[in-house]
Amino acid sequence: MKTPKQTSRRSFLKTSAGVAGMLAFGGLLPQTARASKLSVGFIYVGPKDDYGYNQSHAEGAAAVKQMPGVSVVEEENVPETVDVQKTMESMINFDGVNLLFPTSFGYFNPHILELAPKYPDLRFEHCGGLWSADKHPSNVGSYFGYIGMGQYLNGVVAGHTSKSKKIGFVAAKPIPQVLLNINSFLLGARSVDPNITCQVIFTGEWSLAVKEAEATNALVDQGVDVVTCHVDGPKVVMETAAGRGAYVCGYHANQSPLAPDKYLTGAEWNWAKVYTDMVKTVQSGGQIDNFVRGGLAEGFIKMSPLGPAVTDTARNQFAATQSEILKGGYAVIKGPMKDNKGKVIAGSGQSFAETDVALESMNYLVEGVIGSTS
Amino acid sequence: MSTTVDIGMWGVPLAILGGAIRVSTPFLFVSLGEVLTERSGRINLGLEGTLVFGAMAGYAAAYESSSPWIGVLGAALAGTLFGLLHGWICKFPRVNDIAIGIALMLLGMGLAFFFGKPYIQPVAPDLPSIPLGAWSDIPQVQAALNVNALFLIGIVIALLMTWMFRSSRLGLIIRVAGDSTDAARAMGLKPDRIRLLSTAAGGALAGIAGAYLSLYYPGSWNEGISSGQGLMAVALVIFARWNPLYCFWAALLFGGAGALGPALQSVGITQGYYLFYAAPYVLTLGVLIATSSRNQTLAGAPGALSITR
């Protein structure tokens with residue numbers, strides 16, 4: 001048996017002096033870094049090259065990286081748990097960031113809301129949250145885009161392309177943004193042919209590769225011939241659907257390299273524009289608005305280039321609808337309209353423009369969507 | 001696109017059949033690998049990590065060589081290495097095989113994420129499938145019966161392993177090592193060597209399961225590709241009472257039940273889909289209760305396992 005190692009007083013003093021020195025030095029660094037340069041932190045819930053949600057944000061971060069006088073730190077695969085608080089704290093204390101973009105929906109409450117009052121000099125910008133002045137700290141902001149309009153345009157092209165008059169949607173969870181996308185996709189298609197129906201399958205999770213593939217196969221088995229989705233990484237849905245011979249509409253990012261012949265178009269985020277604008281505002285000493293929203297007109301979202309299978313009639317209606325939307329204030333949900341249980345959601349003459357905050361608490365699927373929110 | 005026929009409610013049994021064939025293969029391979037390992041007297045809980053690393057290694061090898069079969073080989077090789085590592089560490093006295101398994105699971109996943117970064121975007125060639133449904137005019141039937149060669153190989157391995165454990169010299173040697181370390185030593189066998197090789201072969205099978213995921217269904221590499229299938233498969237071994245043939249049926253059951261949720265939604269039965277997604281687990285519980293015995297716990301468990309010892 002060895003005798004337990006004892007620490008001599010001299011080595012104890014040496015070590016603790018060293019640690020203290022490092023702490024002092026480490027404490028100084030961020031201060032100097034903070035003074036000279038704007039440092040921005042991006043946090044993603046999944047891998048940043050997933051052909052989906054996280055990739056769209058990482059493309060925005062890459063654009064910020066190109067700007068002069070800015071340094072960028074990124075971390076991926078950060079769960080929506082207390083882990084994200086640790087990541088934010090370490091970005092603040094070790095990398096000296098002064099502007100944070102925690103991009104996943106679940107980061108907002110409680111994680112950002114807990115940390116923000118501790119660091120009043122920093123700015124927390126969250127994607128998808130619903131910031132309100134009387135409930136949330138003033139150094140927190142929320143931003144999002146009207147991507148439902150993109151799914152509406154997807155639907156227009158899908159409506160022209162579908163022969164079976166059945167289109168399909170692989171969805172993760174029945175939250176308002178997903179429901180708005182499903183409804184918009186169907187209504188876009190119905191603007192072409194009011195007999196079209198949209199079959200939706202919920203997988204229950206943001207990323208479940210095998211279940212997404214099963215859902216896509218089940219849709220095609222039922223005669224669906226155009227498929228889109230709202231999951232974190234659309235790669236599996238696109239490849240499976242195209243492999244079964246169905247057409248696909250993309251979501252989050254441009255997935256046309258995955259299915260060049262079958263890809264019709266796609267609703268993409270354009271975070272590069274949003275993020276560079278926000279960084280410019282901070283650099284010029286301005287204040288970012290706490291509640292930022294935008295759509296096609298503001299450049300928050302964009303459409304993938306139309307694929308080779310899109311017909312000329314479809315192209316024309318796509319272009320016409322897009323220019324209507326670009327004028328701003330376009331309403332997809334307008335009366336008279338019922339949900340798929342027969343309840344009236346908009347009386348005649350009533351309409352919800354894209355900017356209407358009521359749409360951000362949507363809890364129904366419109367008539368023509370085959371599916372249920374629970 | 002060949003126009004699909006309206007099959008209505010027939011879509012549900014068809015989806016269960018198709019799902020059983022498509023989804024079961026990884027369960028089958030991992031559980032066969034675990035049966036082999038546990039029959040020799042070790043538990044390797046790390047097969048989830050081996051599966052994920054195999055998926056990455058297989059995808060990378062297939063992409064670099066443009067041949068999916070080289071990918072399968074690469075995945076098997078990577079799995080073998082993980083198995084050898086597990087077997088080698090567990091040979092030392094007072095090492096707990098369950099703890100090492102968990103450590104290797106985390107290591108495998110971490111390494112796969114680290115080395116797999118550059119392979120998320122590229123598209124690797126897929127494994128070919130055999131169109132066993134070509135006799136039918138209905139495209140949905142054809143699609144459901146598109147069977148991958150690995151599925152058939154899995155059935156052959158299950159049959160071979162059943163025969164091996166029952167009536168071959170090699171099978172008896174493995175079983176002796178698994179049932180009693182002392183008896184094996186008395187017979188002049190080297191239990192550690194037998195377990196090392198069994199764990200390595202089990203790892204190879206788990207690696208192939210990963211290659212099936214990334215090269216055939218769903219057929220791409222990303223970090224969420226497995227979502228715990230390796231862990232489920234290890235649990236299936238107890239469900240299958242350490243019998244390779246039962247592993248096959250258990251894997252089919254799991255695959256088919258997993259297809260139930262999407263299939264029911266696709267024919268318009270949309271209420272309560274979270275409940276249908278729990279179907280495989282409810283089924284497992286049901287079967288375990290139905291087959292439980294008052295007299296014997298864990299019937300068929302090898303005697304030298306650290307949980308039965």
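Okay, let's start in chain B, with helix H2 (residues 47-65) and helix H3 (residues 68-90): their axes come within 7 Å and cross at roughly 145°. This is a predicted model, so local features need pLDDT of at least 70 and side-chain atom pairs count only at pLDDT 80 or more, while totals for chains, interfaces and linings use all residues. Residues are numbered from 1 along each chain as its sequence is written, chains are lettered from A and ligands numbered from 1 in the order in which they are written, and side-chain values use heavy atoms, with hydrogens and water left out.

Some housekeeping on terms. Helices (H or I, at least four residues) and strands (E, at least two) are DSSP runs, numbered from the N terminus. Axes are lines fitted to C-alpha atoms, for helices over the stretch in contact, and angles run from 0 to 180 degrees between N-to-C directions.

Back to the pair. On the H2(B) side the contact (heavy atoms within 4.5 Å) includes Gly54(B), Ala57(B), Gly58(B) and Ala61(B), and on the H3(B) side the residues include Gly71(B), Gly74(B), Ala75(B) and Ala78(B). By class, that contact has nine nonpolar, seven polar and no charged residues. Here Ala, Val, Leu, Ile, Met, Phe, Trp, Tyr, Cys and Pro count as nonpolar, Asp, Glu, Lys and Arg as charged, and the others, Gly among them, as polar.

H3(B) has another partner, H9(B): those axes come within 6 Å and cross at roughly 145°, and the crossing is right-handed. Among the residues making this contact are Gly71(B), Ala75(B), Gly79(B) and Gly83(B) from H3(B), with Ala200(B), Gly203(B), Ala204(B) and Gly207(B) from H9(B). The tally for H3(B) with H9(B) is 12 nonpolar, nine polar and no charged.

Staying in chain B, let's look at H10 (residues 229-239). Which residues of H10(B) are buried? They are Gln229(B), Gly230(B), Ala233(B), Val234(B), Leu236(B), Val237(B) and Phe239(B), where buried means under 20% relative accessible area, exposed over 50% and partly exposed in between, with a 1.4 Å probe and protein chains only. Those buried residues pack against helix H7 (209-221) of chain A, and in chain B against helix H1 (11-39), H2, helix H9 (191-215), H11 and helix H13 (279-291). After H10(B) comes Arg241(B), with a positive phi near 55°.

Phe254(B) is in helix H11 (residues 244-266) of chain B and counts as buried at 5% relative accessibility. Leaving out residues up to four places away in sequence, Phe254(B) touches Phe27(B), Met232(B), Leu236(B), Pro280(B), Tyr281(B) and Thr284(B).

Over to chain A, which has 10 helices and 17 strands. Of its 374 residues, 56% count as buried. Helix H8 (residues 235-243) of chain A has eight of its nine residues buried. The buried residues of H8(A) pack against strand S6 (166-171), H7, strand S8 (226-230) and strand S9 (247-252) of chain A, together with H2 of chain B. Just after H8(A), Gly245(A) has a positive phi of about 95°.

Last topic: aromatics. The whole structure has 23 aromatic pairs over all chains. Rings of Phe, Tyr and Trp (its six-membered ring) pair if their centres lie within 6.5 Å; planes under 30 degrees apart count as stacked, over 60 as edge-to-face and the rest as tilted. Phe101(A) and Tyr275(A) have ring centres 4.5 Å apart and planes at 45°, so that pair is tilted. The two are 174 residues apart, with Phe101(A) in strand S3 (residues 99-102) and Tyr275(A) in helix H9 (residues 271-283) of chain A. Why do Trp271(A) and Tyr275(A) count as stacked? Because their planes are at 15°, with the centres 5.9 Å apart. Trp271(A) is buried at 1% relative accessible area, and Tyr275(A) is buried at 0%. These residues belong to one aromatic cluster, made of Phe42(A), Phe101(A), Tyr143(A), Phe144(A), Trp269(A), Trp271(A) and Tyr275(A).

Definitions and conventions. Left-handed = near helix turned anticlockwise from the far one by under 90°.
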